[in-house]
Amino acid sequence: MTNYEDHIAAKFATQTAEGIEPSDTPPHLFNYQRDLVKWSLRKGRAAVFADTGLGKSAIQIEWSRQVSQRGPVLILAPLAVAEQTVREGKRWGVDIAYARSQSSAPITIANYEMLEHFDPRSFAGVVLDESSILKSFTGRTRTALIESFAATPFRLACTATPAPNDFTELGNHSE
C-alpha cells in the first residue's frame, strides 16, 4: 500500500507540450499576437483569453494556417462570427471555407450547431471561437465537443469573456 501523498499524486493528469515549432508569422500581427500564436503552437493545446478588440480572430487564423500544414483544421464559431472570420482570412491571404458539413478544405469554419455534420477524427486541429459559450451549453452539447475532440492533437480555445471564478467553465476549457 502506498502512502497518501503517492495516492494523490497518482490522481493528477499531466500534459506535456505536444505542439510544433512555429514558422514565421505575418507582419500584420502585433507583437503580442505573434507571441500568443507562437506560444499556443508550441503548447499544441491552449486557450487565449484576450479582451474584445485584441485580435483573437487574427491569432486563431494564423494558428489555423500553421496547423493546417499538418492536417485539416475546423474552426467552430457562433453563426454571426463565421462569415466575418472568412472575410478576415481573405484579407490576410488565408482561405477559410464556410461549410455546414464535412469539407476537404485545409481550414473550415462552421457554427457550433453543425458539429454533428463533421467527422472530428479527420481534423488535426480545432479552434473553439467564443469558447466561453461552453458554460451556457447544455451538458449534452458540451460533452459532445469535449468527447469529439479529445484525441485532436492541436486545440485552441479563444474567448474575450472567460469567467475567472467559474470553475466549471475553466474545467471545460481544460478538457
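**Note on the sheet and its helices**

1. In this predicted model, strands β1 and β6 run parallel and are joined by 5 bridges. Within this pair, A47 stands opposite A157 in β6.

2. What is the strand order of the sheet? The order is β1-β6-β5-β2-β4-β3. The sheet is open, has 6 strands and pairs in parallel fashion. Its edge strands are β1, residues 45–49, and β3, residues 97–98. Each of these two pairs on one side only.

3. Helix α3 packs on this sheet. The helix touches β1, β2, β4 (107–111), β5 and β6 (154–159). The direction of α3 makes about 170° with that of β6.

4. A46 and V48 lie on the covered face. R45, A47 and F49 lie on the uncovered one.

5. Another pair in the sheet is β2 (residues 73–77) with β5 (residues 125–129). These strands pair in the parallel sense over 4 bridges. Here L76 stands opposite L128 in β5.

6. Now the helix pairs. α2 covers residues 31–43 and α3 covers residues 56–67. They pack at an angle of about 40°, and their axes are 9 Å apart. That angle makes α2 oblique to α3. The crossing of α2 past α3 is right-handed.

7. Which residues form the contact of α2 with α3? From α2 come Q33, L36, V37, S40 and L41. From α3 come A58, I59, E62, W63, Q66 and V67. By type, the contact residues are 7 nonpolar, 3 polar and 1 charged.

8. α3 also packs with α4, residues 79–91. The angle is about 70° and the axes are 10 Å apart. The two helices are therefore roughly perpendicular to each other. α3 passes α4 in a right-handed crossing.

9. What meets what between α3 and α4? On the α3 side, the residues are S57, A58, Q60 and I61. On the α4 side, they are T85, E88 and G89. This contact divides into 2 nonpolar, 4 polar and 1 charged residue.

How values were computed
Residues numbered from 1 in each chain as written. Predicted model: local features only at pLDDT ≥ 70, side-chain atom pairs only at ≥ 80, totals over all residues. Heavy atoms only, no water. Axes fitted to C-alpha atoms, helices over the stretch in contact; angles between N-to-C directions. Parallel < 35°, antiparallel > 145°, perpendicular 65-115°, else oblique. Left-handed = near helix turned anticlockwise from the far one by under 90°. Contact = heavy atoms within 4.5 Å. Nonpolar A, V, L, I, M, F, W, Y, C, P; charged D, E, K, R; others polar. Pairing = 2+ DSSP bridges. Buried < 20%, exposed > 50% of the residue type's maximum accessible area, 1.4 Å probe, protein only.
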